[in-house]
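Subject: Structure handover and findings

Hello,

Please find the structure below. My notes on what turned up in it follow.

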There are 2 protein chains.
Amino acid sequence: MVETVSGPDLSAALPARSVPAPVVARLPGYLQALESLRAGGRSTVSSEELAGMCAVGSAILRRDLSHLSAAGRRGVGYDCAGLAANIRSFLGLDRVRRIGIIGAGRLGSALADYAGIAASGFALAGVFDTSPRVVGTSVGGLTVSPMGDFAERSAEAGIELAVIAVPAPAAQSAADAAVAAGIRGILNFAPVVLTVPPAVHVRHVDLATELQVLAHYTAAEAREQQQ
Amino acid sequence: MVETVSGPDLSAALPARSVPAPVVARLPGYLQALESLRAGGRSTVSSEELAGMCAVGSAILRRDLSHLSAAGRRGVGYDCAGLAANIRSFLGLDRVRRIGIIGAGRLGSALADYAGIAASGFALAGVFDTSPRVVGTSVGGLTVSPMGDFAERSAEAGIELAVIAVPAPAAQSAADAAVAAGIRGILNFAPVVLTVPPAVHVRHVDLATELQVLAHYTAAEAREQQQ
């Protein structure tokens with residue numbers, strides 16, 4: 001993940017009371033673990049167990065959660081429901097956030113069908129494509145709209161976040177259309193760095209970047225084994 | 001991105017001389033920018049310009065690159081070719097790394113066709129699926145192999161990294177098969193936390209996590225505007 005938020009650096013671009021970006025990035029994992037504990041009927045969890053479920057150290061988990069003023073009680077641990085609600089609120093998920101997917105090709109339709117969208121506090125409210133062959137077909141239970149209708153349809157549907165799943169050459173114009181329609185959060189799956197105004201937040205998921213980071217860790221291990 | 005590397009915390013799990021995980025995660029972006037400068041015929045770049053291309057602060061960029069002992073020269077900047085080679089070597093990309101994709105559905109085939117794989121120092125060397133309907137078809141220029149042949153085929157093809165693009169219920173068994181075949185790096189697109197031995201590195205790309213982090217930043221902004 002490459003975070004390309006407004007300004008030169010995330011920590012500099014956000015107000016001083018903000019929580020560090022790596023902490024924010026770990027909160028969804030804690031939330032997911034808490035929800036699975038609740039689904040299994042558990043009401044409390046120790047920091048050690050929760051940390052183990054999320055593959056982080058328990059000291060890091062306690063420090064992360066201290067940003068939310070979510071203190072566990074010694075000998076009792078964290079209240080699963082209360083902590084989940086706390087994280088959900090912090091992440092802005094105390095109401096359902098509506099998303100639109102731009103690009104109804106294989107990647108876009110795979111994302112549209114991902115059942116976790118609803119479970120994670122989001123609702124798929126629009127799918128858009130420029131191709132007349134795709135417009136009007138059904139993707140993710142919705143009828144694909146022409147990209148030219150993005151502003152009108154996204155306003156009608158209350159779309160706040162856009163997921164860009166188009167080929168690289170089409171990604172900037174998709175982002176421009178989303179920004180022009182008032183979208184302030186973009187999740188970009190296209191392998192290109194988007195140029196957006198400072199007020200718009202972009203997260204970039206890039207296969208090449210992920211593979212390169214993974215390559216570093218596996219290569220480093222191979223080097224150590226040779227020594 | 002959730003990094004679930006061996007042990008409780010990445011920084012704790014790696015030797016002391018290791019570079020911090022956030023620095024490693026930014027290096028592919030620097031490499032991409034340097035390659036695009038080189039493609040445009042540029043031989044040197046200032047830290048300010050390179051930082052601007054990567055949407056980070058120039059102080060952060062200089063500090064990051066100091067881990068590679070890649071010093072820019074005052075008034076000249078960084079040598080694009082030299083710095084790119086330096087990063088490439090650090091990331092373990094001084095040789096082509098072979099990857100296998102497990103899951104030849106929409107997501108898997110979209111990933112297989114991603115042209116950036118080769119450009120980023122990787123070669124797609126296998127595509128695998130459990131479904132007899134998919135095995136034998138062509139995906140990403142390769143014939144899809146049955147998952148039962150993973151160990152044999154990956155050894156033949158020299159596959160070092162596996163990309164998991166199967167539905168959540170099938171992801172753990174896909175990971176188990178990859179680990180059993182000696183794979184030490186897994187990029188997981190399935191929305192489930194994988195259990196792997198400590199020596200295996202997993203990076204997890206999860207739509208819900210990315211959306212939730214994005215939701216935090218856009219919600220925080222909305223709150224500030226209300227104040």
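A pocket here is an open set of grid points, where a 1.4 Å probe fits, with protein on both sides within 12 Å along at least five of seven lines. Please keep in mind that this is a predicted model.

Contributing two or more residues each to its lining are helices H2 (21-39), H6 (106-112) and H7 (116-119) of chain A, and from chain B helix H6 (106-112), strand S5 (122-129), helix H9 (168-180) and helix H10 (207-226). The lining has 41 residues, and those nearest the centre are Tyr114(A), Ala168(B), Phe189(B), Ala190(B) and Pro191(B). By class, 26 of the lining residues are nonpolar, nine are polar and six are charged.

Asp206(B)

Asp206(B) sits in the loop between strand S11 (201-204) and H10 of chain B. Although buried, Asp206(B) has no salt bridge, and the nearest side chain of opposite charge, Arg203(A), is 10 Å away. What does the side chain of Asp206(B) make a polar contact with at 3.2 Å? The partner is the side chain of Tyr114(A). A further polar contact, at 2.9 Å, joins the side chains of Asp206(B) and Thr209(B).

Salt bridges

Over all chains, the search finds 20 salt bridges. Among them is one between Arg106(A) and Asp113(B), with the closest N and O atoms 2.8 Å apart. This pair crosses between chains, from helix H6 of chain A to the loop between H6 and helix H7 (116-119) of chain B. Arg106(A) is partly exposed at 36% relative accessible area, and Asp113(B) is partly exposed at 43%.

Arg203(B) and Glu210(A) also form a salt bridge, again with the closest N and O atoms 2.8 Å apart. That pair crosses between chains too, running from strand S11 of chain B to helix H10 (residues 207-226) of chain A. Arg203(B) is buried, with 5% relative accessibility, and Glu210(A) is buried at 0%.

Within chain B, Arg26(B) and Asp64(B) meet in a salt bridge of 2.6 Å, N to O. Arg26(B) is in helix H2 (residues 21-39) and Asp64(B) in helix H4 (residues 58-66), so the pair ties together parts 38 residues apart in sequence. Arg26(B) is partly exposed at 23% relative accessibility, whereas Asp64(B) is buried at 0%.

In chain A, a network of salt bridges links Glu35(A), Arg38(A) and Arg88(A).

Regards

Definitions and conventions. Residues numbered from 1 in each chain as written. Chains lettered and ligands numbered in written order. Predicted model: local features only at pLDDT ≥ 70, side-chain atom pairs only at ≥ 80, totals over all residues. Heavy atoms only, no water. 1 Å grid on protein atoms, 1.4 Å probe; cavity = no way out; pocket = protein on both sides within 12 Å on 5 of 7 lines; lining within 4 Å. Helix = DSSP H or I, 4+ residues; strand = E, 2+ residues; numbered from the N terminus. Nonpolar A, V, L, I, M, F, W, Y, C, P; charged D, E, K, R; others polar. Buried < 20%, exposed > 50% of the residue type's maximum accessible area, 1.4 Å probe, protein only. Lys, Arg positive; Asp, Glu negative; His and termini not counted. Salt bridge = Lys/Arg side-chain N within 4 Å of Asp/Glu carboxyl O. Polar contact = N/O pair within 3.5 Å; in protein donor to acceptor, adjacent residues only side chain to side chain.
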